[in-house]
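Good morning. I will take a few minutes to walk through one structure, and you can follow along on the screen.

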Amino acid sequence: MLDLAVCESDAKDARRAPSILPLSVDGLVYEHAGVRIIDNISLHIEAAGCTAIMGYNGAGKSVLVRLLHGLLTPSAGACRWAGNFDANEIARRQAMVFQAPVLLRRSVAANVEYALRIRSFNGERRAQRLEAILQETDLLSLRDRPAAVLSAGERQRVALCRALAIEPEIVFLDEPTASLDPAATVAIERILARAMRAGRKLVMVSQSVGQVQRLARDVIFVHRGRITEHTPIEEFSTQPRSEPARAFVAGELFE
Amino acid sequence: MNDSASAFATAVQLIGDFDAALLEIIALSLRVSLSAVVLGALLGLPLGAALAIGRFRGRQALIVCVNTLMGLPPVVVGLIVYLQLSQSGLLGWLHILYSPAAMIIAQLILVTPIVIALTRQFIEDADADYDEELRSLGVRGWSKLVTLIVEVRYSLVTVVLAAFGRAIAEVGAVIIVGGNINHVTRVMTTAITLETSKGNLSLALALGLVLMFLALGVNAAAATIRHFAPKVAYA
């Protein structure tokens, strides 16, 4: 169908300069209002390809990506990024696409331009990057449309465009296609596959085994705030090691 | 019945004739209330934004106070401003009691809490929606505040219109500090009060009609902005 085959990572960009990847997380805990939402998670995220985070609703997936991205501060443990960069530089090399993205009340192009300005893309470089990324995400025809009138699929594409515009090393995605129809989902996945080929690391929360098979190279399965397994995609889709993941893949209810 | 019908006819005629006395009163009303609203917006919009974003001790108490001040009775404001501007008051040396300046001050005190409170509410609501996205992008401090203000710009226009509606329709404060002096401090609301008590119903009615049309215009403008703004929200 599409060239969604996961790249063998011609990750030139990411490898040339010192990278913030891989990411190591040790003993991550997050408690809110006395409830332990993330319970002592340790994991290792490699530089290449897409790492999927799966699990049932309420397992803690969204909280986990927010902790990794730095939007939430862990109660214990920490994210250790490679290289010796300060917190600002580490944040600057990341982007995130939310399940329900918030777009500014201006045109599509102005939304992307805003992100570029914030991340210090100036002058000619900003204009060039804007054109290139609008083209890549198939948004040229919508560039002057007010963001407020876009469909859900178009909104998500703008959010993705904005995230990729700033040339992040790693992009976190929280169920980016959760409320989209098949055509819009394909459009998003195509953009994601291309971003990976350009060397960007994706960490994506997803509920769709099919989508994860198309995009990811490894899967982290989260259950009740803990990781029950972190396995390569081939293994995960055929014989998951943990019981909750096995039930999830089989489409069964797990108690 | 006959009385009020003929009063109404004369009122319409006064408006149609651009009666000089009528126009003078309308002009002063607009001058006083617009000045108060412009100053109130200059003060209230930044303060409201600061209150929405700032995190400091006593913030919640301050919000409750400002919200309460939204409902200040105009006569009480009039009385307080009167006391301060009178000879024995703190600001007596200004000698502006019974002048348009005094009326502007009184209305400024009435509208500023409205602007602060509503601005705070709109920006805080927007902040709740935008917070994660903006933090993810790395937008902080001033640039975050500016972004949020730009995002709620249409709501802020309706805030200013609401403040204007309050100022132009208010009588209690301007009559105390202005004194309703003909050609000096007589505005629409105080003139209506006086003319009605004198039995000069046509002038009172004419002013009442103008006032209502102004109110209608302001509300129509607010509704239009609220209706169309989200759809034409270009940069």
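Some housekeeping. This is a predicted model, in which local features need pLDDT of at least 70 and side-chain atom pairs count only at pLDDT 80 or more, while totals for chains, interfaces and linings use all residues. Residues are numbered from 1 along each chain as its sequence is written, chains are lettered from A and ligands numbered from 1 in the order in which they are written, and side-chain values use heavy atoms, with hydrogens and water left out.

Chain B, then. Its secondary structure amounts to 10 helices and zero strands. Helices here are DSSP runs of H or I with at least four residues, strands are runs of E with at least two, and both are numbered from the N terminus. Along the sequence, chain B reads α-α-α-α-α-α-α-α-α-α. Its C-alpha atoms fill a box of roughly 70 × 50 × 25 Å along the principal axes.

How many of the residues of chain B count as buried? Of 235 residues, 44% do. Buried means under 20% relative accessible area, exposed means over 50%, and partly exposed is in between, with a 1.4 Å probe and protein chains only. As for contacts, meaning heavy atoms within 4.5 Å, those in chain B with a separation of 6 or more come to 74% from residues 24 or more positions apart. Chain B exposes about 11700 Å², and carbon and sulfur atoms supply 71% of that. These accessible areas come from the Shrake-Rupley method with a 1.4 Å probe, and for residues only the protein chains shown count as cover.

On the surface of chain B there is a nonpolar patch formed by B:L90, B:L91, B:W93 and B:L94, with about 450 Å² of accessible area together. A patch takes residues with over 30% relative accessible area and no salt bridge, joining like charges within 9 Å and nonpolar side chains (Val, Leu, Ile, Met, Phe, Trp, Tyr) within 5 Å. One of the four, B:L90, is in the loop between α4 (74-85) and α5 (100-137) of chain B. B:L90 counts as exposed, at 69% relative accessibility.

Next, the interface. In it, 22 residues of chain B are in contact with 24 residues of chain A. The size of an interface is often given as the accessible area lost when the parts come together. Between chain B and chain A about 2000 Å² is buried, with carbon and sulfur atoms giving 52%; that figure is the accessible area (1.4 Å probe) that two parts lose on being put together, summed over both.

The rule finds three salt bridges across this interface. A salt bridge is a side-chain nitrogen of Lys or Arg within 4 Å of a carboxyl oxygen of Asp or Glu. Which residue of chain A forms a salt bridge with B:E133? The partner is A:R162, with the closest N and O atoms 2.9 Å apart. The pair runs from helix α5 of chain B to helix α6 of chain A. B:E133 is buried at 6% relative accessibility, and A:R162 is buried too, at 3%.

Over all chains, the structure holds 22 salt bridges. Among them is the one between A:D174 and A:R66, at 2.9 Å from N to O. That pair links distant parts of the chain, strand β6 (residues 170-174) and helix α2 (residues 61-69), and the two residues are 108 apart. A:D174 has a relative accessible area of 2% and is buried; A:R66 is buried at 13%.

A:R93 and A:E169 also meet in a salt bridge, at 2.5 Å from N to O. A:R93 lies in the loop between α3 (87-92) and β5 (94-97) and A:E169 in the loop between α6 (152-165) and β6, so the pair ties together parts 76 residues apart in sequence. A:R93 counts as buried at 16%, as does A:E169 at 13%. Elsewhere, A:E31, A:R36, A:D39 and A:R226 are linked in a network of salt bridges.

Last, helix α10 of chain A, residues 243-250, whose buried residues are A:P244, A:A245, A:A247 and A:F248. Seen down the axis of α10(A), these fall within an arc of 160°, so they line one face of the helix; the arc is that of the directions from the helix axis to the C-beta atoms. Their cover includes β3 (50-54), α8 (209-215) and β8 (218-223) of chain A. Just after α10(A), A:G251 takes a positive phi of about 75°.
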